[in-house]
Amino acid sequence: FSLQEILIKEPIEKEVSLRLLPGELLLCEANTVYKYMPEDGSNRGTYGKLVCTNFKISFLDDDSTSDDNEPQFKNKIVGENDITLQCVDQIYGVFDEKKKLLTGQLRKYPEILIIYCKDLRVCHFCLRYTKEEEVKRIVSGIVHHSQTPKLLKRLFLFSYASAAPNNTDGRNQTVMFDTLEDWRDELERTKGNVKYKVVTINEDYRVSEKLPLYFVVPICVSEESILKYEGRGIPIWCWSCHNGAALLKMSAFPKEQDDSTSQMQKAFLDGIYKTISKPPYELLKTDDLSSSLPSLQEIQTAYTKFKQLFWIDNGTDFWATDVKWFSLLESTNWLEIIRRVLKKAIEVVECLERQNTNVLLIEESATDMCCVISSLVQVMMDSYSRTKSGFQSLIQKEWVVGGHSFLDRCNHLHRSDKEEAPVFLLLLNCVWQLVQQYPPAFEFTETYLTVLSDSLYVPTFSTFFFNSQHQKDNSMSDESFRTQSGPFRFLTVWDWSVQFDPKAQAFLNNPLYAEKPKPDKSQRKTARFKHQRQLSLPLTQTKSSTKRGFFREETDHLIKNILGKRIGKLINSSDEPPNSFREFYDSWHSKPVDYHGLLLPRIEGPEIKVWAQRYLRWIPEAQLHGGGTIATAAKILDLMEEVQSLQAKLDEEHSQAISGDVHSVPLLRNSSRLSSLFPFALLQRQSLKPALPTSTWKDLEDEEDLVKRDDEFVDLS
């Protein structure tokens, strides 16, 4: 484009200062860079400075220092115009109006730089008015520091930990599971300490570098058997159900072995199974997840296709793909994978809850799909895991300490694309399905899950940047990273005060969370089970749903028109679930929901939805002004404020001290001006209505016809 084709904001005259974190260094910069959003032929944007540090890519304009336009939901680490180096997915350059992927050494430098981010942002930078030498430095710097392989200790994580003051929030209630006491407390909490024990045999990692320092095994398993095969073939405890049944996981033996070794390992496994199948242990059911769930490669392939749907370059592209949205969505297979994973978790829940059977999940390393299924089972069955601190403790136990290879699966070092797979993101997508189906059951919100997914790419925290506890401990003991006050300590992502002030943190808490009522002491003796639903579930068939179509009755017609398109068939699997599963599933859904008891997600095709807040938040065309869940939330928050104000007046009249509000909420005044994807998408990001193909406009304007075809729409919100 030319100067005449763009709406130019005058280049900034005052120098905009770059705010650097402790340990952050400026590497290269370029002036007179034009950041813009392609919209219907016009390219609205602003001039500024593009910089690259050892932590982030940042765009500085005169709005960067203005407090007038300060968002309510501000991240103190990563600004609105910042992209961490780990968040960069792909970089394209435009040469003579042709897009080309940028990697390695560059012989020619582009006129336009397009950065596709892992949080689904697409950032366009025009370099036509930038000095040639600055273009070379900034493009080469960004490509090199975000795309080329690097050493672990070159991550900003280490620079920040060495330089930042260690003043973490002492009020963090997350259980870290890095001490013996943490594991013993968890065993006691779940009443698993009768049949299971914490072992310390791996304190110096002499069993395995992949296993944590402390873990739990059946009491009958000897230390010699744990040592024999470096922890492989040993059932490791995850969680105990209220009825005594337990969820276990096991790292399988390599499949390609010689006959004699295979025979020895088979005999060893037979001995283990016999030991833990005798009383006092329940019957044991094994489930090899490598054969019953999609492979990591299938998950990666599906997600790669899926995210392409949300990397929208301009409004015209959005509407062009919207015409065939559902066929494109179904072809990615991502929602089907989410459905299969949720179905597997329900099958495990049935064994534990209804059949009173121990379940042993088996996987090659027991650190990928084992983590997903064990976490989902606990979220469904244990109401503690649906609180914020409980969910964070669960992630620590099953993922961080449990040995999930975050470094490899997120490809933070760009070492090998073959190891990359969005396994943790798959879990968050599954949990989001539960959160949007049963909002009062969760202490946290979908905004919390979105922020948590973003934190995967913020290297100021160690939580998601190591493959194992051993790797982290080994890095911390390195002499080269000692500070004057001794060995440095990494920050944990669970201290949300590092990223958000109290006002912003309020968006992470669910104001409508149905807190667990305190037990009545007079009835305590008669309570047998933790869950309200008893084991003897009636096997009656559930009543068919009375609602027509895919849309709920209260769904706004505008959402139908914008996000709804014809869909030929449900996103469902051809394999029918077994009768016992169907009976269990239908029986549960025929009863009222106990928000502190067992939760089972609805998994029929149209019930599995797209996580709109995460995937659509940067697309102006997908936003609904003054609508969506935020409009409802605004009314609720205003009502809560009024109730709190009245309560304060009552307390004053009775001369009582006013107690602090745990879930302090920010005021959302004038909610009609907010976007449906608030707090991430602010009003300033909205675009003009793009030019649509004639056929598309005809479809959208034919509202009467659309309303008649309720059964052909899907609610993506």
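The model is predicted, and local features need pLDDT of at least 70, side-chain atom pairs count only at pLDDT 80 or more, while totals for chains, interfaces and linings use all residues. Residues are numbered from 1 along each chain as its sequence is written, and side-chain values use heavy atoms, leaving out hydrogens and water.

I then turned to a sheet. I recorded an open sheet of 4 strands in the order E11-E12-E14-E13, with mixed pairing. Its edge strands are E11 (236-240) and E13 (284-288), each pairing on one side only. From one strand to the next, the twist averages 25 degrees. Strands (E, at least two residues) and helices (H or I, at least four) are DSSP runs, numbered from the N terminus; two strands pair if DSSP finds at least two bridges between them.

I looked up E11 and E12 (residues 246-251): they run antiparallel and are joined by 4 bridges. Trp-237 stands opposite Leu-248 in E12.

Next came a helix. Helix H10 (residues 334-353) packs on the sheet and touches E12, E13 and E14 (358-363). Contact means heavy atoms within 4.5 Å. The direction of H10 makes about 145 degrees with that of E14; axes are lines fitted to C-alpha atoms, for helices over the stretch in contact, and angles run from 0 to 180 degrees between N-to-C directions.
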